[in-house]
Amino acid sequence: IYVVVFSLKDWFGENHQKEEAYLEFWLKSIYTYAKGARILIVATHLDILDPKTLEDDLNCCGIAIFGLARKVLGEKLGGKIRVCKSGSCKGDLPFFPVNVK
């Protein structure tokens with residue numbers, strides 16, 4: 001099992017492109033050297049998101065990560081993404097959002 005951690009603070013901040021490139025790099029690396037390995041994606045700094053837009057923000061991030069996983073893993077493997085049920089979101093997410101505090 002591999003755990004890839006990224007920051008929601010950076011994802012929704014000025015470093016969005018860098019954070020997305022970081023995720024893509026690690027997904028590609030794991031896929032290249034450990035095909036078939038399970039990957040858990042964890043998003044930190046959930047507590048910095050505005051509670052008023054939290055669900056929309058997480059869903060938007062989730063859609064982007066689904067797209068990134070399909071790009072890296074291909075449609076066949078990208079379709080096997082398991083989703084988590086987050087207490088912060090009514091929908092399914094391809095990552096686990098956590099607070100830092």
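**Close-up 1. Isoleucine 1 lies in the segment before strand β1.** With a relative accessibility of 75%, isoleucine 1 counts as exposed (over 50% relative accessible area; buried is under 20%, partly exposed in between, with a 1.4 Å probe and protein chains only). Leaving out residues up to four places away in sequence, isoleucine 1 touches Arg38 and Leu40, where contact means heavy atoms within 4.5 Å. Please keep in mind that this is a predicted model, in which local features need pLDDT of at least 70 and side-chain atom pairs count only at pLDDT 80 or more, while totals for chains, interfaces and linings use all residues. Residues are numbered from 1 along each chain as its sequence is written, and side-chain values use heavy atoms, with hydrogens and water left out.

Close-up 2. Strands here are DSSP runs (E, at least two residues), and helices are runs of H or I with at least four, numbered from the N terminus.

**Close-up 3. Glutamate 19 sits in helix α2 (residues 16-33).** What is the nearest side chain of opposite charge to glutamate 19? It is lysine 18, 7.1 Å away, with Lys and Arg counted as positive, Asp and Glu as negative, and His and the chain ends not counted. Glutamate 19 is buried yet has no salt bridge, that is, a side-chain nitrogen of Lys or Arg within 4 Å of a carboxyl oxygen of Asp or Glu. Beyond its neighbours within four places in sequence, glutamate 19 contacts Phe6, Ser7, Asp10 and Trp11. Other buried residues of α2 include Leu23, Leu27 and Ile30.

**Close-up 4. Cysteine 60 and cysteine 61 without a disulfide.** A disulfide is a pair of cysteine sulfur atoms within 2.5 Å, and by this rule the count is 0. Cysteine 60 is in no disulfide, its nearest cysteine sulfur being that of cysteine 61, 7.3 Å away. Cysteine 60 is partly exposed at 47% relative accessibility, whereas cysteine 61 is buried at 0%.
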